[in-house]
Amino acid sequence: MPGSPDLELRLGYLDLGPADLERLALLQPVLEKHAAGLVDSFYHHLLSFSSTRRLLVDPGVRERLMSAQREYLLSLAGTTIDESYLEQRRLIGEVHERIGLEPRWYLGAYALYLSLLVPLVHELHPHDP
């Protein structure tokens, strides 16, 4: 997982190391199994707020975003965080900025995913979540 000094700094800030990535990889089957439901719940939530609903009025855009969100969700259990991973995340951030999606909305999405994922992790590892 070694990379640029910036990558190392970011991983250190998040206290994320190789052992953490190995643990995240264990979630891949759970994410695969529940991806459709998680993404549906995610978009149902987004559609309940006018600030995010306005970005999802076009059904074609919504379908494309749901597909991208599924890929993003599955990538969370990836075993590699490198410069390419950071670049992909940076590009997504630029899109959010360009369309006027404020950080409070997409940062809130992480809280939503956490609330959806915790019960699944607990189900998978009931004695050591």
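Predicted model: local features only at pLDDT ≥ 70, side-chain atom pairs only at ≥ 80, totals over all residues.
Student: OK, charges. How many positive and negative side chains are there?

Tutor: The protein chain carries 12 positive and 18 negative side chains, and the centres of the two sets are 9 Å apart.

Student: How many salt bridges does a search of the whole structure find?

Tutor: Seven salt bridges turn up. One of them joins Asp6 to Arg10, with the closest N and O atoms 2.9 Å apart.

Student: Where do Asp6 and Arg10 lie?

Tutor: Both sit in helix α1 (residues 5-13), four residues apart, or about one turn of the helix.

Student: What does Arg90 form a salt bridge with?

Tutor: Glu94, and the closest N and O atoms there are 2.0 Å apart. Arg90 and Glu94 are four residues apart in helix α6 (residues 83-98), so about one helical turn separates them. Arg90 counts as partly exposed at 38% relative accessibility, and Glu94 is partly exposed with 37%.

Student: Which residue does Glu32 form a salt bridge with?

Tutor: Arg70, with the closest N and O atoms 3.2 Å apart. That pair links distant parts of the chain: Glu32 is in helix α3 (residues 28-47) and Arg70 is in helix α5 (residues 59-75), 38 residues apart.

Student: Which residues are linked in a network with Glu32?

Tutor: Arg70 and Glu71 are, through a network of salt bridges. As for accessibility, Glu32 is partly exposed at 39%, and Arg70 is partly exposed at 28%.

Student: Switching topic: how much of the protein chain is buried?

Tutor: Buried residues make up 25% of the 129 residues. The chain exposes about 8700 Å², and carbon and sulfur atoms supply 61% of that.

Student: And among contacts between residues at least 6 apart in sequence, what share joins residues at least 24 apart?

Tutor: That share is 70% in the protein chain.

Key:
Residues numbered from 1 in each chain as written. Heavy atoms only, no water. Salt bridge = Lys/Arg side-chain N within 4 Å of Asp/Glu carboxyl O. Helix = DSSP H or I, 4+ residues; strand = E, 2+ residues; numbered from the N terminus. Buried < 20%, exposed > 50% of the residue type's maximum accessible area, 1.4 Å probe, protein only. Contact = heavy atoms within 4.5 Å. Areas by Shrake-Rupley, 256 points an atom, 1.4 Å probe, with all protein chains shown as cover. Lys, Arg positive; Asp, Glu negative; His and termini not counted. Charge placed at Lys NZ, Arg CZ, Asp CG, Glu CD.
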